[in-house]
Amino acid sequence: MTLTWYLVLAAILFTIGAVGVLVRRNAIVVFMCVELMLNSVNLTLVTFARAHGTVDGQIMAFFVMVVAAAEVVVGLAIIMSIYRTRRSASVDDANLLKY
Amino acid sequence: MPADGLLAASWLLIALPLAGAAVLLLGGRRTDRWGHLLGTATVVASFVIGLLCTFQLAGLEEKSVGVDLFTFISAGSLDVRAGLLYDPLSAVFVLLITGVGSLIHIYSIGYMAHDPGRRRFFAYLNLFIAAMLLLVLGNSFVALYVGWEGVGLASYLLIAFWYTRPAAATAAKKAFIMNRVGDVGLTLAIFLMFSQLGTTSYSGVFGSVGTLAGGTVTALGLLLLLGACGKSGQFPLQAWLPDAMEGPTPVSALIHAATMVTAGVYLIVRSQFIFEYTSDARLAVAIIGTITLLMGAWIGCAKDDIKKVLAGSTMSQIGYMILAAGLGVFGYAFAIFHLLMHGFFKANMFLGAGSVMHGTNDDVNMRHYGALRKAMPVTFITFAMGYLAIIGFPGFDGFWSKDKIIETALSQNLTLGLCALLGAGVTGFYMTRLMLLTFFTKERWEPDVHPHESPKVMTVPLMVLAALSLLGGLVLLNDWIVTFLSPVTGEAPHEDPPLPALAISAIAVIVVAIGVALAWFLVGKREVSRTAPEKVSVFTAAGRNDLYGDAFNDLVIVEPGKSFTGGLAAFDRGTVDGGFEGTGRALSGLSGALRLAQNGFVRSYALSLLAGAALVLLALVVVNLA
Amino acid sequence: MTQTLGGGETVVFWVLGPIALAGALGMVLSRNAVHSALWLVNTMLSFGVFYVVQEAPFLGAVQIIVYTGAIMILFLFVLMLVGRDSSDSVVETLRGQRIAAIILGIGFAGLVGAGIAEATRDLPVTGLDGAQGGAGNIPAIAELLFTRYLLAFEVTSALLITAAVGAMVLAHIEREPGSRRSQKELSRARFLTDRPGTLPGPGVFARADSVAVPAILPDGRPAEDSLATGLEPQEPDQMPRPTGREQLGSPDAALGTLDPAPLDPAARDGGDR
C-alpha cells in the first residue's frame, strides 16, 4: 500500500461532500457536507506533510480546522436567524435574491 | 482713398438707426410714447448726414472713399475687415434709402397711430434702415452679406408684424425661406471668391477677377444672380413678393417696393466687374429680368387686390432694372436710374394705396372702391403723379428711365427690347385699370365705409414723393446721373440705336397709349361688378394664381422634398434606429434568457461551481497527461 | 526511500477507510439530520485515527476533541433548536439537480482520483523524523506555529473572536426595553376578544373524532372555528366508520347516558326547552 490511497480516499470523500452540498436541502446537513470536504482536504495536507517530511502541512491542516470552527459558528448562527424569521432550514426557501 | 471730414464719420449713417432700433427694442413699453419720434429722427438725421457726405463726395477728385473700421473676421488666411465704401453708387442708394425712408417714417406716424405695436414697428423699420445702409455701404461682399441678411430679418419681422394673422405669419415664413434659397447662391459666390481669389473685398475682387477661368467667372455671376433673384423677387424665386403685402402698407412701400427688393439690382451693378468678364451670365441676367417683367405685368393685370397689383408692378419694374443691368456697361447706369425713379413713384403709389385703405377701413379690394377722387383729392392727385410716372407719361420719371432701358435693350438685343416694349404697354393697361377702379367709375363702397382724406402727416410725404415723381427725371439732365455713376458703372462706348432715340420714345408712348386706351374700353366704359367674375379666361386665372408659382414650387420642390425627407425618416427609423434598437433588443433578450439562470437557488449556483471546477480539472488533466 | 507502508498501517487503512467512506455516504443519504450528524462523527473519528497513524498525533487529538467533540455537538444543538424532525422530503424540487450532481460528482471524483493516482505514483514516504529533529510532533508544531506562522496564528485568534462576536450578534434577539408584556396585560387582552377561553379541539363533545366534524360548544352549537379552513363540515352520522365500530354501536349507544345532541341549533331551539 502507498500514500496514494490516502489521497484517493480524500478525493472520494471530498466529492461525496460536494455532491451532498448539491443534493441536500437541509442547511445543517449542507453544512456537514462542507465540513466533510474540509476534512478530506485536511487528510490530503497531512498525507503530503508526511510524504515530503515537513510539518508545515500539519500546520495548514491546523489552520483549516480553526477557520472551519469559526465558519461553523457563524454559519450556524446564520441558519438560526434564518430559521427564526422563515421557519425553515431549507436552503431552497432562501431564494429571494433572484431575477 | 481714405476718408476725411464728414465722410470719415459715415459710419454714423448706420449707427444712428441701429441705436434707434436698440433703444426702442430694449427700452420696452416706457418708450411707447415717444418711440416713433425717435425712430423718425434717427432716419432723418441719417438722411442729412448722407446728403452732406454726398456733397462732399461730389467735390472730390477721386470719387471713391473708404472708411476702415475694424477687423471683422480673422482666421488663418481669411482676414475680413469691416469697412465702408462711399462712392457714387452707395451715395445714390444712401439718399434713396434715407430719403424715402424718412418720408415713410413720417407717413407711418399717422398710418400706425392707432396700432398698439407702433413702437415695435418703428424699431423694426430702424433696424431695416441700418441693415440696408450696411448693405450698400459695406466695402466687401461679406459686409454686404451681413446687411443682406439683416434686411432679410427685418423684412421677415415686418411682414409678420401682425403675427396673429395666420396669413401674415405664413407669408413671412414663405418670404424668409425663399430668400434663404437666394442667400445660398450669394453665400456660395462669396465662398467661391474666397477659395479662388483669397479675398472678398470689392477692390480685391476687382483687381484679381481677371485671372479666373471663364467658367468660374460665369459660375460666380450665376450664383450672384441667384442671390439677386431671391432678394428682388425675380423669376424663379418670385412667389414670395405678392404674399409679402400682408405686412403694413408702409412696409410694402419701403421694403417691398422702394429699397430692399432693389438690393438684387445693387448686387449686380456692384459686381459689374465680375459680370464684365462673362457675357453668358450677363445674358442670363437680362433674360431673367425680361421674364420677370412680363410675369409681373401679367399678374398685375389679373389681381383685384390693390397692393397685389402694385406688387406685380414692382416685380415688373425690377425686371426692367435687372434687364438693364444684364445689358452690361450700357445699362448699369440706367438700371440705377430707373431704380431711383421707381423708388420715388412706387413708394408714392404704395403710400397712396395705404392712404386709400386708411380711408376705407383697410379694404384692399379695388372692386369695393370707385370714385374716390372726390373723397380723397390729395391722395388722388399724388397717386396720379405716380401713375403717370410709372406708365412713362412724357415728362414724368418713368418716361425718362424706362425709355432709356427700352432704347438700350433694343439696341443690344432686339428680342429683349421688344419684350420690354410690350411690358411697357401692359404696364399702361394694368395701372390705368387700377386708377379707373379706384378713383373713377361708380361708387362701389361697402355700406359702412365713409372714405375720407388722410391726416397731414400722411399726405405731406405723399406730396413730396409726388413732386419727386414729377421732377426726379431732372437728374438725367445733361446725363448728370450717368456721369456721376460712371466711376462705378464704367463709361459706355457710344452706339447708335437702330432708330433715333426720339422715334423709340414715340413708339414707347404709342404702345403705352394703346394699353391705356384698352384699359379705358375694357374697364372704364363698362359696369364694374363688386365681385370678381368667376368665368374668366385661362390667362386671367393664371394671373390671379401668380402664374402658378406656388403650385410649381409645391410640385417641383416641396412635394419631392417631403417624400425625400419622408424616405430619409423611414430609413432612419427602419434601418438606423432598427439596427441600434435591434442590437439592444437582441442583447436584452439574451440577457433575459441568461437571467433565468439566476434562480435564487443556492444549490444551482453550487452546481455550476462544481461544473466549473470539474472543467478546470479536466483541462489540467488533459494538458498534463496528454 | 521507501514508498510502501507498513503492514499495520495497511490494515488500519483498509478497515477505517471503508468506515469513513460509509460514514460519508450515510451522511449524504440519510433523511434524518441527526442520523447524518452521527454518520459524520463516524467519518471524523476515522480521520482522527488516520492523523495519528500518519505521524500527526496532535492533529488527531484535535480532530477528535474539537471536531468530533465540540463542532459536531454544536451541530446537534442547532439541530435540536431548529427541530429534530425537519427531515428532507425525498422529492427533488430543482429539475435535473440530482442527476447533474451525481454525474458531475462521479466525473469529478474520477478526474481527481485518476489525476492524483497518476501524479503521485512514486510518492515517497519521507517521514517526519528529520523535520521534527527527535523532539516529537507537538514541540515541532509549536515551534513552527510560534515562529514562522506567528502572524497567521495571531490573525486566526482575531478571526475566532470575530466569529464569536458575529455569532452572538446574529443569534441575539433584540427586544425593545419594556416591550415584554406582563401576564396581567396578556390576560386582559385575551378577555377583550370574542372568545376568552381556548379554542375547542376538533370533535370535542362530538360523536366522532374526525377533523371534519366540528366541535360542539357546551350549549350544543357546532363551533365553526374549530375546523380548519377549507374543510367541509360533516355530519358524524354520515361519515364512514370502521367496521368494528358498527358492531359496538354508536358511541352514544355505548355511553347510554347522554341525550343525542342535535347538531342543528335551529331544531334544538324549536324544542320545548
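Chains A, B and C in a predicted model

Visitor: How many bridges join strand 1 of chain B to strand 2 of chain B?
Guide: In this predicted model, strand 1 of chain B covers residues 65-75 and strand 2 of chain B covers residues 78-86. The two strands run antiparallel. The number of bridges joining them is 9.

Visitor: Which residue in the turn of the hairpin has a positive phi?
Guide: Strand 1 and strand 2 of chain B form the hairpin, with 2 residues between them. A phi of about 60° belongs to one residue in the turn, Gly76(B).

Visitor: Is Thr262(B) buried or exposed?
Guide: Thr262(B) sits in the loop between helix 10 (249-258) and helix 11 (263-270) of chain B. Leaving aside residues up to four places away in sequence, Thr262(B) touches Phe93(B), Ser232(B), Ala257(B), Met321(B) and Leu339(B). The cut-off for burial is under 20% relative accessible area. Because its relative accessibility is 0%, Thr262(B) counts as buried.

Visitor: What is the separation of the C-alpha atoms of Val460(B) and Leu103(B)?
Guide: Val460(B) belongs to helix 20 (residues 456-471) of chain B, and is partly exposed with a relative accessible area of 40%. Along the chain, Val460(B) and Leu103(B) are 357 residues apart. Their C-alpha atoms are separated by 8.6 Å.

Visitor: What area is buried between chain C and chain A?
Guide: The contact involves 87 residues of chain C and 69 residues of chain A. Carbon and sulfur atoms give 74% of the buried area. The area buried between the two chains is about 7100 Å².

Visitor: Which residue of chain C meets Arg50(A) in a salt bridge?
Guide: Between chain C and chain A the count is 3 salt bridges. In one of these, the side chain of Arg50(A) takes part with an N to O distance of 2.7 Å. The residue of chain C is Glu9(C).

Visitor: How many residues on the side of chain C that touches chain A are nonpolar?
Guide: Between chain C and chain A, 20 residue pairs are in polar contact, both residues at pLDDT 80 or more. On the side of chain C that touches chain A, 22 residues are polar and 7 are charged. The number of nonpolar residues there is 58.

Technical notes
Residues are numbered from 1 along each chain as its sequence is written. Chains are lettered from A and ligands numbered from 1 in the order in which they are written. This is a predicted model: local features need pLDDT of at least 70, side-chain atom pairs count only at pLDDT 80 or more; totals for chains, interfaces and linings use all residues. Side-chain values use heavy atoms; hydrogens and water are left out. Helices (H or I, at least four residues) and strands (E, at least two) are DSSP runs, numbered from the N terminus. Buried means under 20% relative accessible area, exposed over 50%, partly exposed in between (1.4 Å probe, protein chains only). Contact means heavy atoms within 4.5 Å. Two strands pair if DSSP finds at least two bridges between them. Buried area is the accessible area (1.4 Å probe) that two parts lose on being put together, summed over both. A salt bridge is a side-chain nitrogen of Lys or Arg within 4 Å of a carboxyl oxygen of Asp or Glu. A polar contact is a pair of N or O atoms within 3.5 Å; within protein, one must be able to donate a hydrogen and the other to accept it, and residues adjacent in sequence count only if both atoms are side-chain atoms. Ala, Val, Leu, Ile, Met, Phe, Trp, Tyr, Cys and Pro count as nonpolar, Asp, Glu, Lys and Arg as charged, and the others, Gly among them, as polar.
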